[in-house]
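Please consult the sequence and the structure while reading.

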Amino acid sequence: MDTVAAETVALAGTDHPLTARPAWKNLQNHFQKVRELHLRQLFASDPERGKRMTLDAEGIFLDYSKNRVTDETIQLLLQLAEEASLRQRIDAMFRGDKINITEKRAVLHVALRAPRGASISVDGHNVVPDVHAVLDRMADFSNRVRTGAWKGHTGKSIRNFVNIGIGGSDLGPVMAYEALKHYSDRALTFRFVSNVDGTDFAEAVRDLDPSETLFIVSSKTFTTLETMTNAHTARAWTLKGLGGDEKSVAKHFVAVSTNAAEVSKFGIDTANMFGFWDWVGGRYSMDSAIGLSTMLAIGPDNFRAMLRGFHQIDEHFRTAPFERNLPVLMGLLGIWYNDFFGAETVAVLPYEQYLKRFPAYLQQLTMESNGKHVTLDGTVVNYATGPIYWGEPGTNGQHSFYQLIHQGTRLIPCDFIAFAKALNPLGRHHDILLANVFAQTEALAFGKTAEQVKAEGTPDWLVPHRVFEGNRPSNTIFADQLTPEALGKLVALYEHSVFTQGTIWNINSFDQWGVELGKALAQKIIPEIETQSEPALHHDSSTNNLISRYRKLKE
């Protein structure tokens, strides 16, 4: 192991396994004492609990009072964070240390939103000026396109944009576009293609005019199989619609990439190539050049406002004491449910229609980051790591899966996200929406006893069906309004919560080797499917049979 890797492993404290830490053992003993405590008891014994167990920082209000915790629980969780060297680990990330040890990379998405004049170094080089140079180029390009100064091959202005990417190069831009649609230029059309299924591309361009369409191809290496398959299909579609002139490609394609040779070979002018760096993970890249489609939609000023929101939470995470630190507290509460209560999932429930893709975005952020089974030094863990994240906007979910959350047999901690002001105020709508947020967290926490149900005149035989056990935990995350700045804060909140949990679990939250095996096997199978002659297959009997069956059905 090289020096950097050795220092990083030591920093994380792998000489003391997590389950051997004093705080972990104390939490196990504490859990046995409080596991049966009901939120009804906790609130009855502390009339100020609902005011006391809140945090208000950087425009984000967190009510964590409806969690199954006592003051002692919180103190023990904070002790666990200290024992896991969370403060040192945070400092190492912001310092530019190569904490992604398996890929020997720094982890510096925080540099993407650092203000001009800040200094964050990688290998002795301050990367902040590089970040702002790319942002300035993005802004210049966006302004030219949005004002119509940039023309397509036939002289028409660009009205349609298709972002081609996958993973973080798609989920971030899609989520941000939907979340900030209120601020977007409605004269422009935005589509997103990620799936290698041809239907995704066909539907995205079905009603578009090639002469008014710009493709943004987002691939760091410009070799990603799905992205480049879709990009070449887009190239063929464009050429077909524009008379086959190869020069048209340069007017209808731009690249978010670092591979100038491949970008140029494709036909894109490298002057219209926007780069990013190996210290930016895909799922942490929506505020880099990967967000070019976002900037085109909402404009450079709104994009920079989003970056300010990110930075405010970055600084809060970096400097706030842990007991008043929003991401740290959320991360620790997640540890409490995941590792002590055995909760396997977390529901994220935004009561804001514009955030309809936010749970899907968090799925990659959380599960690709913390879905790991070995520690930083390669030891197999003996505790649960990343839970499953899922969710839908309220109030839709109330009429589908909330039944299981309220009366099912699984404990599902919930994050409710709400805003005080509506972006589209229509009569009573927002009051009713917010009433549902408050009602759901109340119902989950306190439920309804058999005695209460009987008192309503319910027949005895029906009573068990109408009892709500309660004691179902939730956070309420509350902000003033969904603005670009607020979105940046919200994403950063979860990014740093993921970091907190990864540090406690002593895993690498910044690699994703789990996505590689299937991709490598697919590269082997593709020629076996496409070859004209019968291939010699050397997979397992199931895979061999499936390939053979597909080849026959193709014919």
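A residue counts as buried under 20% relative accessible area, as exposed over 50%, and as partly exposed in between (1.4 Å probe, protein chains only). The model is predicted: local features need pLDDT of at least 70, side-chain atom pairs count only at pLDDT 80 or more, and totals for chains, interfaces and linings use all residues. Residues are numbered from 1 along each chain as its sequence is written, and side-chain values use heavy atoms, with hydrogens and water left out.

**Salt bridges in the structure**
- There are 27 salt bridges (a side-chain nitrogen of Lys or Arg within 4 Å of a carboxyl oxygen of Asp or Glu).

**Arg159 and Glu212**
- These two residues form a salt bridge, with 3.3 Å between the closest N and O atoms.
- Arg159 lies in the loop between α7 (128-147) and β5 (160-164), and Glu212 in the loop between α9 (198-205) and β7 (213-218), so the pair ties together parts 53 residues apart in sequence.
- Helices (H or I, at least four residues) and strands (E, at least two) are DSSP runs, numbered from the N terminus.
- Arg159 is partly exposed at 37% relative accessibility, whereas Glu212 is buried at 16%.

**Arg283 and Glu368**
- The closest N and O atoms of this salt bridge are 2.9 Å apart.
- Arg283 lies in the loop between β9 (273-274) and α13 (292-298) and Glu368 in helix α16 (residues 358-370), so the pair ties together parts 85 residues apart in sequence.
- Arg283 is buried, with a relative accessible area of 3%, while Glu368 is partly exposed at 22%.
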